[in-house]
Amino acid sequence: MGVNRRGDVIEAFNLIVRGNGVACDIYRNRPNVPYIPIICGGGKEVANKMLIQPNACVPDMDNSKARRIKLLRTRFFLLNRIRWNTHNVLALRTTEPAISNVYFMVRTSLTEEQKKALVLWLNSFWGILTVFAFMEITEEAFTRLNTAQWRVLPVLNVRELDEGTVKCLAKAFDKYANANFGRLAEQFERGTRTDMDVDVIKCLSTSPISADKEGTLRSELKELYAQFSAALRQLSRHSSQ
């Protein structure tokens, strides 16, 4: 995982800063010089679904820090700070290799299908619960996770899954890659993510799930969503005091 202290990327690529962040709007259009795709900035405007396109391009640089960061180019990104009442997803996949001034850049030897499977699971109810359980509350319903914390999270070991299960999860990722379920709090209040979580269960189940069992499963998920929504509301109230 790339340590993406925003100052490193700003310094390496000589980015223009406005206020407390990079002036991303300046880099929206592709320059007429060699460039590097970048996820510039963060928040729901940038990452409102699992699959996103880099939203900016920065002129290429050849200093030592830029060379190191370019080696971290990837299509797999993780949040370094989560605001539970505004963010939509926890893990991202991009349409092309890119860098980021906000998100952690993840390089891995996983196959493309395994990466899709892992991104899907991290954004599933069980991935979100795992992050929530290990989170470090900072302020205003923010959770901060550094690279060391991400590395030790007990996530789904996609390397140990059989090929059929990985393909099933990768196919489910493709199915929901462009879905915008809304903010995390809304997803659980409204149940807009139920189909995706059910598909994850079907992929990981060791036996087929009948229509009757699926109905029961959906009811149980709604109950769990309600409990988690209550926890998020409590967190928001506590943070605002």
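Biologist: Which residues do ring pairs link into a cluster?

Modeller: This is a predicted model. The structure holds 8 aromatic pairs. Ring pairs join six-membered or other aromatic side chains when their centres lie within 6.5 Å. The cluster linked in this way is F125, W126, F132, F188, Y225 and F228.

Biologist: Is the pair of F125 and F188 stacked, tilted or edge-to-face?

Modeller: The ring centres are 5.5 Å apart, and the planes meet at 55°. Stacked needs under 30 degrees, and edge-to-face needs over 60.

Biologist: How many residues apart are F125 and F188 in the chain?

Modeller: F125 sits in helix 4, residues 125-133. F188 belongs to helix 7, residues 184-190. The pair links distant parts of the chain, and the separation is 63 residues.

Biologist: How does F125 pair with F228: stacked, tilted or edge-to-face?

Modeller: Their centres lie 5.9 Å apart, with 75° between the planes. An angle over 60 degrees decides the class. The pair is edge-to-face.

Biologist: Is F228 buried or exposed?

Modeller: F228 lies in helix 9, residues 211-240. Its relative accessibility is 5%. The cut-off for buried is under 20%, so F228 counts as buried.

Biologist: Which kind of residue, nonpolar, polar or charged, contributes 12 to the lining of the second largest pocket?

Modeller: This pocket holds about 390 Å³ of space. Its lining has 17 residues, with F76 and V106 among the closest to the centre.

Conventions. Residues are numbered from 1 along each chain as its sequence is written. This is a predicted model: local features need pLDDT of at least 70, side-chain atom pairs count only at pLDDT 80 or more; totals for chains, interfaces and linings use all residues. Side-chain values use heavy atoms; hydrogens and water are left out. On a 1 Å grid over the protein atoms alone, a cavity is a set of points where a 1.4 Å probe fits but cannot get out, and a pocket is an open set with protein on both sides within 12 Å along at least five of seven lines; lining residues have an atom within 4 Å of a point. Grid points are joined across faces, edges and corners, and a volume is the space filled by probe spheres set on the points. Helices (H or I, at least four residues) and strands (E, at least two) are DSSP runs, numbered from the N terminus. Buried means under 20% relative accessible area, exposed over 50%, partly exposed in between (1.4 Å probe, protein chains only).
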